[in-house]
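This briefing sets out the computed features of one structure for use alongside its sequence and coordinates. The points are grouped by topic.

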Amino acid sequence: MIAQRWQELSTRDRRTLSAGVVAIVLLLGWAFVWHPLAQRRIELDRQVEQSRRELAYVRAGAGGIERLRAAGTGSRADREGRSLLALADATARSGGLEAALKRVEPAGSGRVRVSFEFANFDALVEWVEALSRDFGVEATDFSADRADGVGLVNARVTLQDAP
């Protein structure tokens, strides 16, 4: 049916129709293939440039960290001459654990054992993390048992200065 209809068209109409079909195919190829690929390439170029900027930023920060390590300075706060025993006591009290703090005692060379009763678990973990971050003190032993009340624990923490 299509072939018969094609044969009935004049040569001029065949050429016009053929040119129209070619134009439509080219436009559809551009709209569904070329244009989306070109847009995606532009987007990927932007992502690559952003990643390069982020990499340069991280490298600059890493260089600064290495310089601080080499200089022997860090972001740790000064203990103001306090012993580990005094530091543990003072930071626990200032960290909202004063009511739960039961005992701070030496546990050997350069080590301190701290006992808590009915301590808020989240505050306790924050205290241990702050000691590590701010003063270079690490928890070498941590044990906690659930106490009566939501989020409360009885805990024992052994601390020592990080090497």
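The model is a predicted one. Its 4 strands make up an open, antiparallel sheet in the order β1-β2-β4-β3. The largest nonpolar core has 22 residues, and α3, β2, α4 and β4 each contribute at least two residues to this core.

**Sheet architecture**

- The strand order in the open sheet is β1-β2-β4-β3, with antiparallel pairing.
- The edge positions are held by β1 (101-106) and β3 (137-146); each has a single partner strand, so one side of each has no neighbour in the sheet.
- On average, neighbouring strands of the sheet are turned by 15 degrees against each other, direction ignored.

**Strand pairings**

- Strands β3 and β4 (residues 152-161) run antiparallel and are joined by 9 bridges.
- Within this pairing, D141 has T158 in β4 as its bridge partner, and E138 stands opposite Q160 in β4.
- The hairpin of β3 and β4 has 5 residues between the strands, and G149 in this hairpin adopts a positive phi near 120 degrees.
- The pairing of β2 with β4 is also antiparallel and extends over 8 bridges.
- V112 stands opposite L159 of β4.

**T158 in strand β4**

- T158, a residue of strand β4, has a relative accessible area of 4% and is therefore buried, the limit being under 20%.
- Not counting residues up to four places away in sequence, T158 touches R111, V112, R113, E138, A139, T140 and D141.
- D141, listed among these contacts, is also the residue whose bridge partner is T158.

**Helix α4 on the sheet**

- Helix α4 (residues 121-135) packs on the sheet, where it touches β2 (111-120), β3 and β4.
- The direction of α4 makes about 150 degrees with that of β2.

**Aromatic pair**

- The count of aromatic pairs comes to 1.
- The pair consists of F116 and W127 in an edge-to-face arrangement, with 5.3 Å centre to centre and 75 degrees between the planes.
- Because F116 belongs to strand β2 and W127 to helix α4, the pair ties together parts that are 11 residues apart in sequence.
- F116 is buried, with a relative accessible area of 1%, and W127 likewise counts as buried, at 4% relative accessibility.

**Nonpolar core**

- In the largest nonpolar core, of 22 residues, those with the most contacts inside it are V114, F116, W127 and L159.
- At least two core residues come from each of α3, β2, α4 and β4.
- Helix α4 supplies the largest share of this core, 6 residues.
- Leaving aside neighbours within four places in sequence, W127 is in contact with A88, T91, A92, L97, V114, F116, V157 and L159.

**Exposed loop residue**

- A99 lies in the loop between α3 (84-97) and β1.
- With a relative accessible area of 70%, A99 is exposed, the limit being over 50%.
- A99 and R67 are 32 residues apart along the chain, and their C-alpha atoms are separated by 42 Å.

Technical notes: Residues numbered from 1 in each chain as written. Predicted model: local features only at pLDDT ≥ 70, side-chain atom pairs only at ≥ 80, totals over all residues. Heavy atoms only, no water. Pairing = 2+ DSSP bridges. Axes fitted to C-alpha atoms, helices over the stretch in contact; angles between N-to-C directions. Contact = heavy atoms within 4.5 Å. Buried < 20%, exposed > 50% of the residue type's maximum accessible area, 1.4 Å probe, protein only. Phe/Tyr/Trp six-rings, centres within 6.5 Å; stacked < 30°, edge-to-face > 60°. Core = buried A, V, L, I, M, F, W, Y, C linked by side-chain atoms within 4.5 Å.
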